[in-house]
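The sequence and structure come first.

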Amino acid sequence: MNRYGRRTLALELAMIAAALFVGFPVYVLVNLAVRPTSDTSSPIGPTTSPTLDNFTQAWQQGALGGALANSLLVTVCSVVVVLAVSSLAAYPLARITARWSRGTYLTILLGLALPFQLASLPLYQTMRDLGLLGTPWALVLFYSGLQVPFTVFLYVGFLRALPGDFEDAALIDGCTPLQSFRYVVLPMLKPITVTALVLNTVAVWNDFFTPLLYLSGSAQQTLPVAIAGFVGQYVTDWNLIFAALVISILPVLLVYFLLQRSIINGFAGGLKG
């Protein structure tokens, strides 16, 4: 029989403390988002007269509808391209043991070591020459290259842990390497694919610097840039900022709740692999 001892009590207290540490900023965020601007009481104290007017004003003043559409377009397109390119690139890199394969893999990993800010100026000039400045497609192209090294690293590590028996059997049955990847390997990559999807989605959705750089001077903007527009030089309405932040968080939370089971299984399978 398991006994409730000091160790169990300490673990429970530690988990409660961790939950409070994570939940407190969320409480302050929601608390101030529903607080009227005339209420100047402590942000820690509960709001006595909650209102949804802050969300309406933030949506209208910050043009969050268009920003939300741009963020969705950029995130979905970028993540789809990154997952497709990375999985196809990682398969031969993980299965072929030739020197060129290892050299190519190490070259791709250089993208993890070099900060992308070093290439900001030449990339900006390239986007300008392509006529993509001020459009969401500049961000899609940028993220499709930026996130590939990290995603290839995840896929290669997972593929090397998978046995090649099923692929060999598929090749013996007459499948081409591409068919073997599509019908045999790709279904087994679901755990790491879900993990890569979550990590890339969060990275692209929350990025501020790149949209500010490539969409500056145009009517197009993403949610982080639109929210930053609420910060003025002399006056800042923090209630509207917190309401806008809640709006920006809701799509990510909705996707998480819809894919909760797959995400948990994906992380568990990715760690196990």
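The model is predicted: local features need pLDDT of at least 70, side-chain atom pairs count only at pLDDT 80 or more, and totals for chains, interfaces and linings use all residues. Residues are numbered from 1 along each chain as its sequence is written, and side-chain values use heavy atoms, with hydrogens and water left out.

Most residues other than glycine have a negative phi. The phi of Ala63 is positive, near 50°.

**Nonpolar cores**

A nonpolar core is a set of buried (under 20% relative accessible area, 1.4 Å probe, protein chains only) Ala, Val, Leu, Ile, Met, Phe, Trp, Tyr and Cys residues joined through side-chain atoms within 4.5 Å.

| Core | Residues | Members include |
|---|---|---|
| Largest | 22 residues | Ala33, Phe55, Ala58, Leu64, Leu223, Phe230, Ala244 |
| Second, separate | 21 residues | Leu83, Ala90, Val156, Leu189 |

The members listed for the largest core touch the most other members. Leaving aside neighbours within four places in sequence, Leu64 is in contact (heavy atoms within 4.5 Å) with Ala58, Trp59, Leu223, Ala226, Ala244 and Ile247.

**H3 and H7**

H3 packs against helix H7 (residues 148-160) at an angle of about 45°, with the axes 8 Å apart. Axes are lines fitted to C-alpha atoms over the stretch in contact, and angles run from 0 to 180 degrees between N-to-C directions. Residues of H3 in the contact include Val82 and Arg95, and those of H7 include Val148 and Arg160.

Methods:
Helices (H or I, at least four residues) and strands (E, at least two) are DSSP runs, numbered from the N terminus. Buried means under 20% relative accessible area, exposed over 50%, partly exposed in between (1.4 Å probe, protein chains only).
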